[in-house]
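Subject: A structure to look at, with notes

Hello,

Here is the structure I promised to pass on. Please open it first, and then read my notes alongside.

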Amino acid sequence: MDEIRIGIFGLGHRGIHWLRILDRMDGYRITALGDIFASIHERALNELSDSRGVETHASYEDMLADPNVDAIALCVRCEEQGAMAARALESGKHVSSEVPAAHTMEDCWRIVAAQERTGLVYLLAEQLRYHGFITAWRGLVRGGRLGHVGYVEGEYMGRKDTRRYYRDMTTGEFVDVADLAAHPDAQPTWMHRMPPIHYLCHDLSAMLSVLDDRVARVTGMGARPQSYAHDAIHRSDVQVALLRTEKDTIMRMACGWTLGRSRETRSHRYQLIASHGTLETGAARGELPSMWLAGSQMHDAARVDWRTERADTPPEAAALADIPNTVGGRPSTGYSEPTIDYIVHKNFRDAILGEKPLEFDVYQAMDTAAPAILAADSISQGSKPIEVPDFHPSESRPAGRAPAGM
Ligand SMILES: NC(=O)c1ccc[n+]([C@@H]2O[C@H](COP(=O)([O-])OP(=O)(O)OC[C@H]3O[C@@H](n4cnc5c(N)ncnc54)[C@H](O)[C@@H]3O)[C@@H](O)[C@H]2O)c1
């Protein structure tokens, strides 16, 4: 095989963003598009450079049964996201899934067992781990220059768009919380019901890649399940996880997007405090990260020109930089830097074509999803600490089988 026939399921903002990238990348041919709302198929077809012969599917079963699809790009936003990824593998399709991978522990195990049984490629398409400054930090920490990292903070907080919390289930149109009065039939979406801490995936993925570690224990805490900022959002504004890693790093990570916060504040922020130095992102967008190294004649931390974009962007990735950040003429809520997204799609392609094994495997993917799910479980059980399982096969769990009870 030298070309992957790929079907994109979930044609919202992220699905359209992926479509625009995959349509232009060597090694991919988009052969199918799908969404449970047939009304938005046309918009996606119109985005393709050549839509001839491209099938559209309103049912996921039909997408999975499509013989012209080798791999599924899964861009849905729903509680069943993990089960849908597992079903793709069980149907003989490779799968590249959007974050956060899964929303239940059963689905995490189902993905792992299906990947092991089939040997197909499962990729969690988390892209922050490839940011330029994260790669630089990984080199410093893994090279031992900072010593033992004792404490890590991460957060994904921002004044998010409130367009994704309600949806008209007849038309598929999302309804902003400010416009609910004009849409009495709009229903709360998964974005509305989901515990915010389920979205730890980005920050955990990035920080675990820096630390080369996994979370062993987690506890959580959250605000009341009713926003203080929006009457119509019946969900915590913020939830926090405290995590202890296998190598003994303590992490504090927070998620929430409905509190008031300036748009100039960076939404993903990190701080690492180690035995021999510190690393920190700035608080404001555009502010450079800083580093302080013990024993290096530095009186204080110095700003370093590390950015999210990489200093080694290859020409084929740079060529994607003009991909628009609008969908249907409005700012996209699913836009991210295409030159970084390129790395995710390249890794998936190279793994399927046998050119390079995945560097972010199914076990590491679940190491980002499971602590988030268990942090939410901890919150619902009065902040009870919970052990996080290691997903690798063991004597008690042979490869290809989920543990008893899962
Ligand atoms: N990596 C990133 O930077 C990033 C950014 C935004 C969103 N995301 C992730 O991407 C995914 C899609 O996000 P989005 O912003 O495009 O969401 P969205 O709500 O705009 O679109 C999701 C689409 O999936 C469709 N869908 C298909 N099958 C579905 C099902 N069974 N149940 C519910 N919906 C179904 C919906 O109809 C909708 O059109 C989510 O998993 C989200 O977490 C990732």
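Let me begin with a definition: I call a residue buried when its relative accessible area is under 20%, exposed when that value is over 50%, and partly exposed in between, using a 1.4 Å probe and counting protein chains only. Two points on the source: this is a predicted model, in which local features need pLDDT of at least 70, side-chain atom pairs count only at pLDDT 80 or more, and totals for chains, interfaces and linings use all residues. Residues are numbered from 1 along each chain as its sequence is written, and side-chain values use heavy atoms, with hydrogens and water left out.

Loops first. Helices (H or I, at least four residues) and strands (E, at least two) are DSSP runs numbered from the N terminus. Asp300 sits in the loop between strand S16 (290–293) and strand S17 (302–303). With 59% relative accessibility, Asp300 is classed as exposed. Its C-alpha is separated by 9.6 Å from that of Ser290, 10 residues apart along the chain. Gly286, in the loop between strand S15 (277–280) and S16, is also exposed, at a relative accessible area of 70%. From the C-alpha of Gly286 to that of Thr308, 22 residues apart along the chain, the separation is 9.9 Å.

Leu146 belongs to the loop between helix H6 (132–142) and strand S7 (149–157). Its relative accessible area is 0%, so Leu146 is buried. Leu146 and Gly277 are 131 residues apart in sequence, yet their C-alpha atoms are 5.3 Å apart in space.

The loop between S11 and S12 holds Ser236 and also Arg224. Ser236 is buried, at 5% relative accessibility, while Arg224 is partly exposed at 39%. The two are linked by a polar contact, meaning a pair of N or O atoms within 3.5 Å; within protein, one must be able to donate a hydrogen and the other to accept it, and residues adjacent in sequence count only if both atoms are side-chain atoms. Here the side chain of Ser236 reaches the backbone oxygen of Arg224 at 3.3 Å. Arg224 and Leu272, 48 residues apart in sequence, are 29 Å apart from C-alpha to C-alpha.

Now the backbone geometry. Most residues other than glycine have a negative phi, and most peptide bonds are trans. Asp212 is not a glycine, but its phi is positive, about 55 degrees. Asp212 is found in the loop between helix H8 (201–211) and strand S11 (215–222), and is partly exposed at 41% relative accessibility. Asp248 likewise has a positive phi, near 75 degrees. Its place is the loop between strand S12 (239–245) and strand S13 (250–256), and its relative accessible area of 39% makes it partly exposed. The peptide bond from Val99 to Pro100 is cis, with omega near 5 degrees. Pro100 lies in the loop between strand S5 (94–97) and helix H5 (105–118).

Val99 brings us to the ligand. A polar backbone atom of Val99 is 2.9 Å from an oxygen atom of the ligand. In the side chain of Arg77, an N or O atom is also 2.9 Å from a ligand oxygen. Glu98 places a polar side-chain atom 3.2 Å from a nitrogen atom of the ligand. On its own the ligand has 840 Å² of accessible area, and the protein covers 90% of this; such areas come from the Shrake-Rupley method with a 1.4 Å probe, and for residues only the protein chains shown count as cover.

How many residues surround the ligand? There are 24, and the closest are Arg14, Asp35, Val76, Gln127 and Tyr199; a residue is near the ligand if one of its heavy atoms lies within 4 Å of it. This shell divides into 10 nonpolar, 8 polar and 6 charged residues. Ala, Val, Leu, Ile, Met, Phe, Trp, Tyr, Cys and Pro count as nonpolar, Asp, Glu, Lys and Arg as charged, and the others, Gly among them, as polar. The ligand lies between domain 1 (4–127 + 344–359) and domain 2 (129–311), because both give residues to the shell. The domain bounds come from an automatic or database domain assignment.

Last, a helix: 14 of the 15 residues of H10 are buried, so H10 is largely enclosed by the rest of the structure. Gly354, which follows H10, has a positive phi near 75 degrees.

Best wishes
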